[in-house]
Amino acid sequence: MIGKLFDVPRRLPAGLAALLTLIAVILLSAMADSTMQPLPATAPGEQFSAERALVHLKEFATEPRPIGSPASDRAGDYLAGQLRAAGLRVEIQRSVGARSAAGLATFGQVDNIVGRLQGTGSTGTVLIAAHYDSAAMGPGASDDGAAVAAMIETVRALRTGPGLRNDIVLLMSDGEEDGVLGAEAFVRDHPLGKAGGVLLNWEARGVSGPSLMFETSRNNARLVETFAGAVPAPRGDSAMVELYRLLPNNTDFAPLTKAGFTGMNFAYIQRSSLYHTASDSIANLNRGSLQHHGTNMLALARALGNADLGTTASDHDVTYFRALGTMITYPDQLVWPLAVLAVIAVAGLALLARVRRLLSLPRLLAAAASAIVPLVASAALAQGLWELLVAWRPAYDLMGGLLHRPRPYQAAIAVLCALAVLGWYLVLRRRLGSAALAVGALTWLAGLGVLCAQVAPGASFLFALPALMGALGWLAAVLRTPAWARTVVAMLGPLTAAMLLPSLAGNVFDGMGLALGGVSALVLALFGLIVVPIAELFLPDLATRPKRAAILAVPVTAFLLAAGLVAAGLVVDDFDAGRPQRTHLAYVMDADTRTAHWVSADADPAQWTRQYVSGHDTSALPAGYARGTLWTGPAPVIAVGGPRVAVLAHSGNTLKLHVTVGKGTRSVTLRFDRPITHAIASAGRFGLASVPITGTRAGTWPSEIRFRGIPAQGVQITVRMPETERIRLTAIAETDGLSAVPGFILRPPNLVAATREDGDLIAVTRSYTLARDSQIPERLPSNSGKLAG
C-alpha cells in the first residue's frame, strides 16, 4: 500500500504556484513584523516622537554608566531633573540591592529614581520601569537608555492631555546589569514596591527590531487584551512568553512580578551582536525601534492609566500571535481542545488513507519513527556548522553566536535543514510512500502540540494549528475534491506553518544566535516536514525509478550551496570599525608581591591583545583569581594601595569583615576557598541586604561576593559557612578602564571590549589566610594578628 494523498493534472505549474505562495506568505509575515517609522520633533504634542526622545538620550547615554560610576551619578541627576521639570514628585531611593546565584552573592549601592504622577481617582498603580545603568563596556544607548528616554517623552505626552485616573509611577532603576539590584531593593524597601500594581517593563537585547512583548506575568488574559487593543502595532506572541519562562535570563521584571506586580515585558532584539559593547551607541540605535518602544509605552500608559485596574486581574493565560498582520487571541481553555482536535484530524486522515489503500499501518509507523532523523540531523548540522565557524574564526567564540552579519550562515543552516528533510523524504518515498511520510510528519506536529499543551500551553499553537489545518487539508484532498482545488486545500497546513514557524526560527536566531543554531534548525526542520509533501508536484511517479545522477544531485547541490553561503558569510562578516571584533583584557596586580600581569580569556587573542599576553602561565596570578583558561603576560606595577580587609569577628561559622578599597575604585570582589551559605552586606546609611547562597562557582574558588558601587568608607560583609580551621580569601579591588596603566595603547577601531565581567578592569588584589576564632579590631591593618597575607 503505497500511494499519494493527492495528484493534479498539471503538476509543475501547480507546484510552482504552491512554492511561490509559500514564499510570499513568509515574506509578508516578516514584513508585518517590522518596526515603526520614527516621528520627527515637529509631531503633534500628544504623540510620541523618537526625535524628541533622542534629545534626552544624547544627554546621558554617550558614555558607560555602570552602577556607582561618576557617569551614573550624572545620568541620575539629569533624569531626576527632567522628571521634576515635568511636574512629577521625585525621590531618590538609596539602598543596597542584592542577588544570589550558584556560589555567588552580588550586592550594590543603588540610587533608584522614583517619579510619581498622581491620578485623579486612582484604582491602583501603573508602574513603568526601565534601568538607567549600563554595562561597563558600553554607553547602553539601547540597553536601556532608549527606554529611559522614552519614559521622559511619554510623561511629556501624557501631560498634554487630561489627567489620568490612576497613579503613574516611573521607576528608573539602578544596578540592573549587575543582577537586577535596584529592582530588588525597590520591592524590598520602598512602599510603592510593596504595594503592587500593573507593571510595564522595557528592555533591549540589540539595537534594532520591533518592540516585542516577550514576557508576561501569569494569568495574563486581561493584560493581553489591553495590549492587543491599545497598541497600534502589537508585536510578540505567547510562544515567546513560554520560551522566556524556561530560560535563566533575568530582567527587572523578575523581582517586580515576584513581589506581586502583574505586567508585561518589552524588548527589541535585532542586531544583538552590539549588545553590551561599546557599539551599543546612539549612532547604531534604530530610530524606528525607539519609536515603537515609545508608542507602545504611551498607548499602554493611557489605556491602563484610565482603566479600572481592579478589572485587569484574570484567572488564566491566553494564547496570542500574529498572522499576516492580524493579532489572534484565544483563552487557554481552548489549548487542549485544539491539540486534541489536531490529533483526531491526523488520526482520521491516517484512517481514510488506509481505507483508500494509500498507506499501511506498518509503513505509517515506520514513517513517523523515521521523521526523527531529519530533525536530529538538522540540529546536528547547525551545531556542527557553528563549531566549524569557531574553528575557522576563533573570534566568534567571544560573541556567543551573536554575529554582525549572520544572514549567510542562517541561510546555510536553512539549506542544510532542507537537505536533511528532503533527503529523508526522497530516500523513503518509494519504500514507504508519500502518503505515509506526509501523515507521519503530521503526527510529530500534532504530538508536539499535545506536549506543549501540557508543559508550555502558550506555544501549543505553533504545532497544533499547522497539524490541524494540514490534516484537514489533506482530508479534503483525498476526498472527491475537484482537481483544481486539490493543491489549494493541500496548502492549508503548509501555509499555516509558513505564518508561524519561520518567524519563530528568526526570533530564536536573533535572541540566541548561531551558538544555539540547532534550536532554530529544529524549528525549520519541523516546518520542512509539513511542507515537503508538496515536493510530489515536482517529482516523478512513485513507480518510476530515479536515475543515480538525479539522486546525487540533491545532496551535492545542497552542500555546494551551503558551502557557498558559508564562504560568503566569512567574507561579508569580516570585522571593521562598524562591526568590531571583541577581545578580553584585564590588568591584574598582586599588591602583596608587587607583581602585575596582563590577562586575557580570548581563545585566540587579536594582534592588539597579543602585545600584552604571550602564554598560558597562570602560576604567578594571585590565589583564587584565575577562572578558566587564560593568556597572561608581564605588566608594569602601578602605584595603588589595593583593597584592605579587616576582620571584625570570626567565631564558629560566622565571619564578619570590613572591606575598603582605594580612591576611584568602583567595585570589590571577595573570593573564598570554602563554600558560603549566607552573606550580608551593610553600607552604613544605605542600609543592608542579606541573601542565602547555594552551590559553588565553576572554574575558580567555590564562593564569591561582589559589591558594586562601593562607598568610600567601605562596606561590612558578614558571611556564614561550614566551620573550618583556616580560610583563604582574596580581595580584588576593581577600577574601570586600563588607561592608567603605563604604556597602555587604546584598542584600534575594529576592536571592542568583550562582555566578560572581569575585562577592561584594573584589578588589584590582596590575599589572606584566616585562622578560626581570630578577632581583629577594625582599626588595625588587615594583615595583623592571625590574618596573614
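**Exercise 1. Helix H19**

Task: Find how the span of helix H19 compares with the expected span, and whether H19 is mostly covered or uncovered.

Solution. 
Step 1. Know the labels. Helices (H or I, at least four residues) and strands (E, at least two) are DSSP runs, numbered from the N terminus. This is a predicted model, where local features need pLDDT of at least 70, side-chain atom pairs count only at pLDDT 80 or more, and totals for chains, interfaces and linings use all residues. Residues are numbered from 1 along each chain as its sequence is written, and side-chain values use heavy atoms, with hydrogens and water left out.
Step 2. Take the span. H19 covers residues 517–531, which is 15 residues. From first C-alpha to last, H19 reaches 21 Å.
Step 3. Compare. The expected span is 1.5 Å times one less than the number of residues. For H19 that gives 21 Å, and the model is close to it.
Step 4. Check the cover. Buried means under 20% relative accessible area, exposed over 50%, and partly exposed in between (1.4 Å probe, protein chains only). In H19, 13 of the 15 residues are buried, so the helix is mostly covered.
Step 5. Look at one residue. Val519 lies in H19. Val519 is partly exposed, at 36% relative accessible area. Contact means heavy atoms within 4.5 Å. Leaving aside neighbours within four places in sequence, Val519 is in contact with Val508 and Met512.

**Exercise 2. Confidence**

Task: State the mean pLDDT of the protein, and find where the pLDDT is below 50.

Solution. 
Step 1. pLDDT is the predictor's confidence in each residue, from 0 to 100.
Step 2. The mean pLDDT of the protein is 92, and 96% of its residues reach 70 or more.
Step 3. Over residues 776–789 the pLDDT is below 50. Beyond near neighbours in sequence, this stretch has 34 contacts in the model.
Step 4. Where pLDDT is low, the predicted coordinates should not be read in detail.

**Exercise 3. Cysteines**

Solution. 
Step 1. A disulfide is a pair of cysteine sulfur atoms within 2.5 Å.
Step 2. Cys452 is in no disulfide either. A search of the whole structure finds 0 disulfides.
Step 3. Cys417 is buried at 4% relative accessibility. Cys452 is buried too, at 12%.

**Exercise 4. Salt bridges**

Task: Which residues do Glu153 and Arg429 pair with, and where do the partners sit in the chain?

Solution. 
Step 1. Side chains of opposite charge can pair when their charged atoms come close. A salt bridge is a side-chain nitrogen of Lys or Arg within 4 Å of a carboxyl oxygen of Asp or Glu. The structure holds 23 salt bridges.
Step 2. Glu153 pairs with Arg156, with the closest N and O atoms 2.9 Å apart. Both are in helix H4 (residues 141–158), 3 residues apart, so about one helical turn separates them. Glu153 is buried at 1% relative accessibility, whereas Arg156 is partly exposed at 27%.
Step 3. Arg429 pairs with Glu536, with the closest N and O atoms 2.9 Å apart. This pair links distant parts of the chain, 107 residues apart. Arg429 is in helix H14 (residues 407–432), and Glu536 is in the loop between H19 and helix H20 (548–572). Arg429 and Glu536 are both buried.
Step 4. One network joins Arg627, Arg671, Arg697, Glu704, Arg706 and Glu757 through salt bridges that share partners.

**Exercise 5. Strand E7**

Task: Which strand pairs with E7 in the parallel sense, and which runs antiparallel to E7?

Solution. 
Step 1. Two strands pair if DSSP finds at least two bridges between them.
Step 2. Strand E5 (residues 198–204) pairs with E7 in the parallel sense over 7 bridges. Ala204 stands opposite Tyr268 in E7.
Step 3. Strand E6 (residues 212–216) runs antiparallel to E7, joined by 4 bridges. Met213 has Phe266 as its bridge partner in E7.
Step 4. E7 (residues 262–268) has 6 of its 7 residues buried, so the rest of the structure largely encloses it.
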